Amino acid sequence: MIRDLRGTGGRPQGATFLIAGLLAGLGALALWQGFALPDKGGYAGMGSGGLPKVVGAALMALSGAHVWAGLRGLGQPAPRVSPAPVLWIVAGLLAQLLLLKPLGFTLASGLLFALTAAGLGKPLRLTLPLGLVLAFAIYGVFDQILQLHLPAGWIETLVFGG
Amino acid sequence: MAMDPMILLYALIGVTLGTAVGVLPGIGPALTVALLLPVTYGLDPAGSLIMFAGIYYGGMYGGSTTSILLNTPGESASIVTALEGNKMARAGRGGPALATAAIGSFVAGLIATLALAFLAPHIVKLALIFGPREYFALMVLAFVTVSAAFGDSAIKGLTSLFVGLFLALVGIDQLTGQARLAFGVPEMLDGVEVTTLAVALFAIGEALFVAGQGAMGADKIEAVKGSVWMTRADWARSWKPWLRGTAIGFPIGAMPAGGAEIGTLLSYAAEKRLAKNPEEFGHGAIEGVAGPEAANNASAAGTLVPLLTLGLPTSATAAILLAGFQQFGLQPGPLLFVTSPQLVWGLIASLLIANVMLLVLNLPMIRLWVKLLTIPKPWLYAGILTFATLGTIGMNPSPVELAMLLVFGLMGFAMRLYGYPIAPVVVGLILGPMAESQLRRALSISQGDWTTLVSTPVSAGILFAAALALVVPMILRLRGRGEVLSRLAADED
Amino acid sequence: MKHTLLGAALAAVLAIPAFANDYMIMAPASPGGGWDSTARSMQEVMVAEGIAGSVQVQNVPGAGGTVGLAQFASTASGDPSQLIVGGYVMVGAILTNESPVSLADVTPIARLTGEAVAIAVSASSPIQTINELVDAMKADPGAVSWAGGSAGGVDHITVGLLAKAAGIDPTKINYVAFSGGGEALAAILGNQVTVGISGVGEFLPQVEAGTMRILAVSTAEKWAGTDAPTLMESGYDVNVQNWRMVAAAPGLTDEQKAAVTADIDKLVNSAGWKSLLETKGWANTYLSGADFDKQLAVEIEATTAVLKDIGLVK
């Protein structure tokens, strides 16, 4: 089973220990929740704490398996990633998440589109206008034709009257 | 009545509207029908009934198009379709994938609608045999077979599955109303939305992964390779999955606690097990689209069984359908088939016509749809992300929901980097809560007596089948152990 | 019909005139539920009867309506064009979820519709009357399994109130929560549980078909369509109605509140609303103004008490 963790390289890698740590963290969280919940199992004899305990224990065991694999040098090699494009997209998603409420759908989603396309190699002066037009069109379709309300900002209020 | 050209026009309008709205992200079948229902009010009863049937089938079908083309399933029933369908689309086989989905939906819709017409009263009796313990047994069977289908690597597969089960814990516990792992955030009380997780892991994780490959990315999307249409081999590989998918999806859809997800998952597992070349699964096997899509549509017709015969709406879509039926003076319930047979037959005729219309409308559209994939990569992925997040915003415009999308997107990215399978996370989230609550319901009714789980022939039989599905491959593996060991030794470097 | 979807879809390119009294109704639930269909019914009738020019429905699902309620209270403040639909289930959910926002943070306008909760068994059950059922619970509360809706919802609360009224420890009831009425009904019909509890409307078609028997209804008066006794008549002091209401934004002036109330009044008295209630099988339990405020306060207090007794609220 442990053999499965082996990647193409074979050197022990920090990533395996990092994953093991994350799994242990999730497992601990589930175990804590399982034991912290007041038992209201009633007649079933198994309350809302039952499954968290099982899942927590399993995650702990899987974490252990990862540690063991890491120690035996069966971890996986770090894949090569070019970080810049990934960061562009994450920035786009973050911008949308933070700006959706204050600035409305058009600006937030337009920015997501612009940053994603920019991250994948298109110039911002092209992607930004296109993203804004696209997002604005989507807002128009949802608001006017489907009568579905997407978060509005000043642009939407200005054009469609909120 | 079917020959009246106006009737056909109404069917066409209904199917077109249903598909057009159903394709939009964030608008699942339930909301599609709710939004479009008022359109039918002004028509005569026959016309409104048929337009309504068109909207229903169109809305159900619309979701699978985005699943296949953009890897963004709009509803939980088309998540499985994305697994193989999107792989096919990327390999230039989007045309055959969409075609097998459309024809499979048609075949399944046809058979299931006929089954609804002639067998509904009998099927519903069978469905009522299923109580919590039988459902639990069914979930166990689904867990075992589906995990086997996804588990190429045991430890990574299990890790993914348990991460999914962990996510399933979040939210209000159905049986006691206690909040678990919600940390006082109200948006988390309802748990992790399955479509949010699927879209984040599939679409956003994929976009990040492609971006991360940067210039060295070898991942070329080919819009069309070979025929847009299904080849003879595609037909030969599709027809059996259509029929099997229908046979699996319809009865499970007819069960009050069945739902479409289980049917599609079981169909996927069955197809992988029965396929001549199972190694194609995960790289775009047409069987993995044909079966689950048929199961999805068959279960849509199956949902109508308890709705019409018992008046039980077993899904959100069914609840809106119920409201629609009442509008047409059709009161679903145990007496419906006796008191208003004309209406029932009118509805069934409408469903059949809508089903044909759906095929007529969508087959020519395929040529246009696959053109989407010729869009250059930066624009395509920017569009996919805009659509994927729009789905979440349209459903629930909350920053917490978008934050989940981002976190799970990063998780999907990391899982791709390190080769962890993604589907088991979604499987855990879908099946986990169902299995847990059915088990606890069964135990509560039996007052804590675990033997209740095997106390009826049906539940015992399903659990036995699940045990076989678990044990038989192990025995086979043990028998062939020498061979496997030697192969492993050969792999050693 | 002009401003329903078809009109809008066909006239998509044309500008839609803005009316002074446009409304936006929030349904704090997914499409398909009772609150969603209440909101969409209001939309349909308000537009058709010319009470409002255009009405939008927005779904904000989550946690028994408390997610939508919290969002409504914070974003709609002072805006008289925004409404939210809610109901008795929300009263319970606010308590069990320890929601920071309650009905005191919005402006309740009126109770619109209501439904009795009914206690029913399958036709083949040996239990004939509500008193036999209570006797069985007294003998062994665990042996009587109840199928009903979500934990802490109106069904659960009614069972708790019944147990309390009959002198049975409410923490000892064997209540099995099902997701949605459909699944619970299937469990009753399939004889998976002893007894079921749900909205009376879910049971009536089954009673008509002879597959189920209603033992009692929870309202003070008998319910149309069944001659089952009320719990009061059977000697248990329980009076529960699962109602749905509409509320306006917080921070409205008295004039604004009066204007909204007048529009709702027009809605409820319109012919369109009456015929809609009939097709949907909803009972008109319209109550507005000070009477509604008083009734609401009474119910919140009773619900808090029983949820404590069942052990769902500390």
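1. R133(B) is partly exposed, at 22% relative accessible area. The cut-offs are under 20% for buried, over 50% for exposed and partly exposed in between, with a 1.4 Å probe and protein chains only. The side chain of R133(B) forms a salt bridge with that of E134(B), at 3.6 Å from N to O. A salt bridge here is a side-chain nitrogen of Lys or Arg within 4 Å of a carboxyl oxygen of Asp or Glu. E134(B) itself is buried, at 2%.

2. On provenance: this is a predicted model, in which local features need pLDDT of at least 70, side-chain atom pairs count only at pLDDT 80 or more, and totals for chains, interfaces and linings use all residues. Residues are numbered from 1 along each chain as its sequence is written, chains are lettered from A and ligands numbered from 1 in the order in which they are written, and side-chain values use heavy atoms, with hydrogens and water left out.

3. S459(B) touches the pair from point 1. Apart from neighbours within four places in sequence, S459(B) is in contact with R133(B), E134(B), A137(B), T452(B), L453(B) and V454(B). Contact means heavy atoms within 4.5 Å. S459(B) sits in helix α18 of chain B, residues 457–479. Helices (H or I, at least four residues) and strands (E, at least two) are DSSP runs, numbered from the N terminus. S459(B) is buried, with a relative accessible area of 0%. A polar atom of the S459(B) side chain lies 2.9 Å from the backbone oxygen of L453(B).

4. Over all chains, the whole structure has 13 salt bridges. One of them joins E206(B) and R416(B), with the closest N and O atoms 3.3 Å apart. That pair links distant parts of the chain: E206(B) is in helix α8 (residues 194–213) of chain B and R416(B) in helix α16 (residues 399–417) of chain B, 210 residues apart. E206(B) counts as buried, at 10% relative accessibility.

5. Chain C has a salt bridge between K222(C) and E233(C), whose closest N and O atoms are 3.2 Å apart. Both residues lie in the loop between β8 (212–217) and β9 (241–248) of chain C, so the pair ties together parts 11 residues apart in sequence. K222(C) is partly exposed, at 44% relative accessibility. Back in chain B, D173(B), R180(B), E436(B) and R440(B) form one network through salt bridges that share partners.

6. Strand β6 of chain C, residues 174–177, is covered on both faces. N174(C) and V176(C) on one side are buried, and so are Y175(C) and A177(C) on the other. In a regular strand, side chains alternate between the two faces of the sheet. Strand β5 (residues 145–148) of chain C pairs with β6(C) in the parallel sense over 4 bridges. Pairing requires at least two DSSP bridges between the strands. A147(C) stands opposite V176(C) in β6(C). Between β5(C) and β6(C) the chain passes through helix α6 (residues 154–165) of chain C, and this β-α-β crossover is right-handed. Right-handed means that, with the strands pointing away from the viewer, the path from the first strand over the helix to the second runs clockwise.

7. Next, the cores. A nonpolar core is a set of buried Ala, Val, Leu, Ile, Met, Phe, Trp, Tyr and Cys residues joined through side-chain atoms within 4.5 Å. The largest has 298 residues, of which M42(C), I119(C), I130(C), W146(C) and I264(C) touch the most other members. Helix α5 (residues 94–129) of chain B gives the most to this core, with 17 residues. A second, separate core of 12 residues includes L138(B), L141(B), A257(B) and I462(B). Leaving aside neighbours within four places in sequence, the contacts of M42(C) include I25(C), L83(C), V85(C) and I264(C).

8. Chain A has 6 helices and 0 strands. Its pattern along the sequence is α-α-α-α-α-α. Of the 162 residues of chain A, 48% are buried. Among contacts in chain A between residues at least 6 apart in sequence, 62% join residues at least 24 apart.

9. Two backbone angles deserve a look. Most residues other than glycine have a negative phi. L181(B) has a positive phi, near 50 degrees. L181(B) lies in the loop between β2 (179–180) and α8 of chain B, and is buried at 2% relative accessibility. N191(C) also has a positive phi, near 55 degrees. N191(C) is in the loop between α7 (180–189) and β7 (195–199) of chain C, and is partly exposed at 45%.

Note on methods: A polar contact is a pair of N or O atoms within 3.5 Å; within protein, one must be able to donate a hydrogen and the other to accept it, and residues adjacent in sequence count only if both atoms are side-chain atoms.
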